[in-house]
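Please view the sequence and the model together before reading the points below.

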Amino acid sequence: MKARHRRRRADRGVLLRLLSTLVIFGCVVAALTMFFRVKVVEISGNVRYSAAQVQEAAAVADGDNLFFLNKYAMADRIVAELPYVVEAGISRDLPDTLMIRIRECGTPLAVLEGDGAWLISPSGKLVEYAADPAGYIPVRGCVLRDPVVGGQASTDPEGRGESLTALLSALEDTGMLEQVESVSLEDRSSIRVEYGGRFTILLPYGADYPYKLLAVAETLADGKIQENMTGTLDATKDDKVFFRPGSR
């Protein structure tokens, strides 16, 4: 009898603890539901898009519950709906502020197509179709397959497109993109980059472009090429960059 009574008391204790946990959990959920609602949306990093456009793409409205918002889905929507945005981050500042930070791509390049061009970010995202590509760095010899605004550039089956996006990303990361005048994939043996008003840079397909561009930068900075010289910087060979003076 005593053992049965102890078991009953133990069972009641477990039940009471379970009920207490459920009550506490319910109170927490109710508090989160009633409070911590969006009153302020702070947006930073936007240049091409207004704060209203970013908030609309995020699909967040005043009064939404901060804790029930899916930050990752919001970030994905922003990147998908705003072509020039390459990265978005979402964070909360309790009790009522949602912070959205975006990063837009740098100046896109123009993949020429007929009289117009598809504008491509250095990361390979197609951001716009331009009927007049004047003022953009032209990319020649690249044929896009089924281009769509907001999508990644897909090119010819020979792998040259992958080399293009890798090269553009490396040029941006090294700060060299600003001096690029044009990029050509017309030659199947090498990529041709017109650079700085003085040089033609030849690069192989499928290369380690950050390493290759570092070698080019070191060649330009070593003092052997005089300021009035023009020519070709051939980076298609192994570990060296060969300079051939003359007209480009």
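A residue counts as buried when its relative accessible area is under 20%. The model described here is predicted.

**A residue in strand β11**
- T232 belongs to strand β11, which covers residues 231–234.
- T232 has a relative accessibility of 12%, and therefore counts as buried.
- Beyond its neighbours within four places in sequence, T232 makes contact with T200, L202, F242, F243 and R244.

**An open sheet and the helices on it**
- Three strands form an open sheet in the order β1-β3-β2, and their pairing is mixed.
- β1 (40–44) and β2 (85–93) are the edge strands; each has a single partner strand, so one side of each lacks a neighbour in the sheet.
- From one strand to the next, the twist averages 20°.
- β2 pairs with strand β3 (residues 97–104) in the antiparallel sense, over 8 bridges.
- R92 stands opposite L98 of β3.
- Helix α2 (residues 51–58) packs on the sheet, where it touches β1 and β3, and its direction makes about 110° with that of β1.
- Helix α3 (residues 71–81) also packs on the sheet, touching β2 and β3, with its direction at about 150° to that of β2.

**The pair α4 and α5**
- The axes of helix α4 (residues 160–173) and helix α5 (residues 209–221) come within 9 Å and cross at roughly 50°.
- α4 and α5 are therefore oblique to each other, and their crossing is right-handed.
- The contact involves S163, A166, L167, A170 and L171 of α4, together with Y209, P210 and L213 of α5.
- Of the residues in this contact between α4 and α5, 7 are nonpolar, 1 is polar and none is charged.

Terms used: Residues are numbered from 1 along each chain as its sequence is written. This is a predicted model: local features need pLDDT of at least 70, side-chain atom pairs count only at pLDDT 80 or more; totals for chains, interfaces and linings use all residues. Side-chain values use heavy atoms; hydrogens and water are left out. Helices (H or I, at least four residues) and strands (E, at least two) are DSSP runs, numbered from the N terminus. Buried means under 20% relative accessible area, exposed over 50%, partly exposed in between (1.4 Å probe, protein chains only). Contact means heavy atoms within 4.5 Å. Axes are lines fitted to C-alpha atoms, for helices over the stretch in contact, and angles run from 0 to 180 degrees between N-to-C directions. Angles under 35 degrees count as roughly parallel, over 145 as roughly antiparallel, 65 to 115 as roughly perpendicular and the rest as oblique. A crossing is left-handed if the near helix is turned anticlockwise from the far one by less than a right angle, and right-handed if clockwise. Ala, Val, Leu, Ile, Met, Phe, Trp, Tyr, Cys and Pro count as nonpolar, Asp, Glu, Lys and Arg as charged, and the others, Gly among them, as polar. Two strands pair if DSSP finds at least two bridges between them.
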